[in-house]
Amino acid sequence: MQLSFEKYHGAGNDFILVDNSLHTFPKETSLIAQLCHRHYGIGADGLILLEKHPDFDFEMQYYNADGRPGSMCGNGGRCAVIFARKSGFIGEKANFLAVDGPHSATIAATGQVKISMSPVKAVEVTGDGYVLNTGSPHLVKFMDNIQDMDVVAEGRKIRYGDMYRADGINVNFAELSGTGCRMRTYERGVENETLSCGTGTVAVAIAASVRQENNAHSQVYDIQAIGGQLKVYFSKDAKAHYTNIFLEGPVQQVFAGTTTI
């Protein structure tokens, strides 16, 4: 069959987007992995299907580059919103369903997309790392000179170490910089460094708040990834619960096409 698709990226984190309203896409692991392959397929960090839902504007189904269903993808969600508008699902606002629950989104006149993210109730401090779930599980480590490190080698050691091998974890290396952070991410499911990571960006911002002992109720962090800059907004309460979390950043269509599957 012929598959129509579009490709988008959010701060360098790239995705194949497919309108699956008619439920014709075969959700086969090997097929999705082949489509995402950088040399033998379209090439992407993941694949996203948009499907109709009776209670939401659309449902987003996300698959990692290895072809398996993934946890929440923040940048993928932002790309899905732009694709949903282009496909006629929404206007400038959206309420959509993802694997971790409902999300809201707005599209600014500048094209920036801002989506709500899941609340974070706990941040575990483990040695020199911070472990938290922002819709996907993340470990954040603060370091100096992250631009010089081998993110794939160091990230793989942690992701496949005894503690995280079974379920995997995304590993973020961050460096505090003025009022924000720089970051690099080793992403499970892609099993490589990605140019940015939405849920990882949220994790880095909240971990930075914990590290800096920032007790302000409303907080904003600018996070610089290799692929671009993202902004994270959140509220912190007296019990160190993080709510009203939003991820904001650019989305760009790369191309549209058809392929035979």
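Me: What radius of gyration does the chain have, and what would a compact globule have?
Reply: The chain has 18 Å, and because a compact globule with 261 residues would have a value near 18 Å, the two agree. The radius is taken over C-alpha atoms, and the globule rule is 2.2 Å times the number of residues to the power 0.38.

Me: What kind of model is this?
Reply: This is a predicted model, in which local features need pLDDT of at least 70 and side-chain atom pairs count only at pLDDT 80 or more, while totals for chains, interfaces and linings use all residues. Residues are numbered from 1 along each chain as its sequence is written, and side-chain values use heavy atoms, leaving out hydrogens and water.

Me: How many helices and strands?
Reply: There are four helices and 17 strands, taken as DSSP runs (helices H or I, at least four residues; strands E, at least two) numbered from the N terminus.

Me: How much of the chain is buried?
Reply: Of the 261 residues, 53% count as buried, meaning under 20% relative accessible area with a 1.4 Å probe, protein chains only.

Me: Which residues have the most contacts inside the largest nonpolar core?
Reply: They are L17, L50, F58, M60, V81, V140 and I245, in a core of 52 residues. Such a core is a set of buried Ala, Val, Leu, Ile, Met, Phe, Trp, Tyr and Cys residues joined through side-chain atoms within 4.5 Å.

Me: And which helix gives the most to this core?
Reply: Helix α4 (residues 198-211) does, with seven residues.

Me: Which residues are in a second core?
Reply: The second, separate core has 16 residues, including L3, F25, I42 and Y63.

Technical notes:
Buried < 20%, exposed > 50% of the residue type's maximum accessible area, 1.4 Å probe, protein only.
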